[in-house]
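Hi,

Here is the structure I promised to pass on to you. Have a look at it first, and then read my notes below.

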Amino acid sequence: MTKKPKAYARAGVDVDLGNRLKKRIRRLVRQTHGPEVLGKIGGFGGLFSPDFSGMREPVLVASIDGVGTKLKVAFAMDRHDTVGVDLVNHCVNDVLALGARPLFFLDYIGAEKLEQRVFDQLICGFSRACRAAGCALIGGETAQMPGMYRQGEYDLAGCIVGVVERAKIIDGSRIKAGDVILGLASNGLHTNGYSLARKILFERMRLGPRSNVEGLKHSLGEELLRVHKNYQPAVSKIPAGQIKGLAHITGGGLIDNLPRILPNECDAVIDIASWTVPGIFQILQSHGKVDREEMYRVFNMGIGMVVVVAERNAKRTMSILRANRIGHIERGSGKTKLSF
């Protein structure tokens, strides 16, 4: 006798499939756990018992983000591990901008229907990035929502919690005129500007994910799926107190992200000739006929993280971070100025 499908499964939500997939990922999740993680995987909440014994005034830092329409490229390439890494690294960099080290991460996956291969790739990406960041993957939510998402598509979001010593919070308040702005290279678009990029590349230029484009080392799809860099390992090498400000260059580019750390009486002056803008941005600007200032507001333009230090510390910091000197701080009103 053929077993009749359950009503919920007939409606498009296979609870049994979801449970089977979650059991498969336990090994990957456990690889990110240290002694601070308590309880079993799959509970109603993740348990984390931090050891703050070496800190005087620990302050928790939390951030939440997504990957945006970069997921559309992952769908087209049918590759899903890199966007898992993107999500974790983006969140790690956000708490890093305040001087924090990550403690734990939680993910959300919403899909039209769970596919085992896709699910495994996503969790593999989360696990790999969490291990690299010294961050525990302690929980998440997986939702099957037919009618909400297109067939074969999903959405991702991630929440991270880190910690920083109160006295070592990096908030930009010590920035002053005469300080130096350093730029750390990005790895392409990272996770921002993909709606405009896809419109230019796939609609206006009529390219496909497998297209080879002059000026790019990889296929277009591979270029667009290059992972969002984690800057924590490099920045953590800088002696405490030397960094006055950190800006993660995400949506809003250099123009809108630098003011988030500037005192009201300071401006950031960026010399855009001080580094070579990667080819992908040059292609987008020329073929999309995008105004130069808008390019620096939508895309990172090759700079994924900005570091502000005193002039006396600039040379040594540049050497450690392999950074470019891309500008300086002057008296002003809390804005970014582009020097052409």
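Let's begin with the cysteines. The sulfur of Cys 130 sits 4.4 Å from the closest cysteine sulfur, which belongs to Cys 135, and that is too far for a bond. A disulfide needs the two sulfur atoms within 2.5 Å. Please keep in mind that this is a predicted model. Cys 130 has 0% relative accessibility, so it counts as buried.

The structure holds zero disulfides. Cys 124 is in none either: for this residue the nearest cysteine sulfur is that of Cys 130, 12 Å away. With a relative accessibility of 31%, Cys 124 counts as partly exposed.

Now to the sheet. Four strands make up an open sheet with mixed pairing, in the order E3-E6-E4-E5. At its edges are strand E3 (58-66) and strand E5 (136-144), each of which pairs on one side only. From one strand to the next, the twist averages 15°.

Look next at strand E4 (residues 101-111) and strand E6 (residues 154-165), which pair in the antiparallel sense over 10 bridges. In this pair, Phe 104 stands opposite Val 161 in E6. Helix H6 (residues 116-133) packs on the sheet and touches E4, E5 and E6. The direction of H6 makes about 170° with that of E4.

Gly 45 has a relative accessible area of 48% and is partly exposed.

Enjoy exploring!

Key:
Residues numbered from 1 in each chain as written. Predicted model: local features only at pLDDT ≥ 70, side-chain atom pairs only at ≥ 80, totals over all residues. Heavy atoms only, no water. Buried < 20%, exposed > 50% of the residue type's maximum accessible area, 1.4 Å probe, protein only. Pairing = 2+ DSSP bridges. Helix = DSSP H or I, 4+ residues; strand = E, 2+ residues; numbered from the N terminus. Axes fitted to C-alpha atoms, helices over the stretch in contact; angles between N-to-C directions. Contact = heavy atoms within 4.5 Å.
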